Amino acid sequence: MEVQIVCTKLIKPSVPTPPHLQTLKLSPIDQVQYPIKTAVVLYYSADGSTGSAEEVERRRMDLLETSLSKTLTHFYPLAGRYIKDGNWVDCNDEGVEFFVAKVKGCQLSEFLSKRDEMIDQLSNLAGGEFTSPIVSIQISMFDCGGLVMGFRLCHSLFDAFSSISFITSWATASRQGMDDHEISPTFGVANSILAGAANDLRLPKMKPLPRLMGIDNGVTERIVFDGAEISALRAISHDPSFP
């Protein structure tokens, strides 16, 4: 399987960030997080759209880019740049890193059926390496019409809950439009709460992460949920008696 990047661009918010929101100070706890990007990879089969392959791809990309731009207006720190020396985010609307890739030599269904090989290929689909943009997104298109969306998000700014909120909001905006799905996330709350006690906090100094690539004794663990298990979990989450 070959993954070839065919386009790289920066996607900016559809509406400029107001001046009073252009500086986001990280909370004391976030300041000691490791400077890493966590990865999320999502898979989508062909949606049955009509038209030539080129037309379908163009419509998909136009929709994804437009809805992403509108979503970034509400998640504006993601389009900024992290200023490490000052532990703050310059919300300057430079944009998130957006890659488009073509996958050759494999169908999506074939790729997903080879779980051991799939693990080895995740780094090629997850949206690039750690760079100055806070978020990197890669859309990898298969010849069968399926696609893979890979995200890398700076963990110092976005934890798992925040990352999923962003991805879910973008997905909803793509399906329904932003006008029907108004989002009002709030940033900087943790810093405001901890600001008065920041000088009294005794935060540990983090040691550098060990070098993971190139080692001989690394271990990869995989947890697999099949369709029936996911349906059962979904039913539980909608049960009124569930705490």
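Predicted model: local features only at pLDDT ≥ 70, side-chain atom pairs only at ≥ 80, totals over all residues.

Biologist: Okay. In what order do the strands of the open sheet come?
Modeller: The order is β2-β5-β4, three strands with antiparallel pairing.

Biologist: And which strands stand at the edges?
Modeller: β2 (23-25) and β4 (81-83) do. Each has a single partner strand, so one side of each has no neighbour in the sheet.

Biologist: What does the twist average from one strand to the next?
Modeller: The average is 30°.

Biologist: What holds paired strands together in general?
Modeller: Strands of a sheet pair through backbone hydrogen bonds, in either a parallel or an antiparallel way.

Biologist: Back to ours. Over how many bridges do β2 and β5 pair?
Modeller: Three, with β5 covering residues 88-90. As an example, Thr 23 has Asp 90 in β5 as its bridge partner.

Biologist: Where does Trp 88 sit?
Modeller: Trp 88 is in strand β5.

Biologist: Is Trp 88 exposed, or only partly exposed, and why?
Modeller: Trp 88 counts as partly exposed because its relative accessibility is 25%, and that falls between the 20% limit for buried and the 50% limit for exposed.

Biologist: What is Trp 88 in contact with, leaving aside its neighbours in sequence?
Modeller: Beyond the residues within four places in sequence, Trp 88 touches Thr 23, Leu 24, Lys 25, Leu 26, Arg 81, Tyr 82 and Ile 83. Take Thr 23: 65 residues separate it from Trp 88 along the chain, yet their C-alpha atoms are 7.0 Å apart.

Biologist: New topic, helix α2. How many residues does it have?
Modeller: Helix α2 has 22 residues, 53-74. From first C-alpha to last it reaches 32 Å, close to the 32 Å expected.

Biologist: Which residues of α2 are buried?
Modeller: Among them are Val 56, Met 61, Leu 64, Leu 68 and Leu 72, but also Arg 60, Glu 65 and His 74.

Biologist: How accessible is Cys 144, and what about Cys 7?
Modeller: Cys 144 is partly exposed at 35% relative accessible area, and Cys 7 is partly exposed at 28%.

Notes. Residues numbered from 1 in each chain as written. Heavy atoms only, no water. Pairing = 2+ DSSP bridges. Helix = DSSP H or I, 4+ residues; strand = E, 2+ residues; numbered from the N terminus. Axes fitted to C-alpha atoms, helices over the stretch in contact; angles between N-to-C directions. Buried < 20%, exposed > 50% of the residue type's maximum accessible area, 1.4 Å probe, protein only. Contact = heavy atoms within 4.5 Å. Expected span 1.5 Å × (residues − 1).
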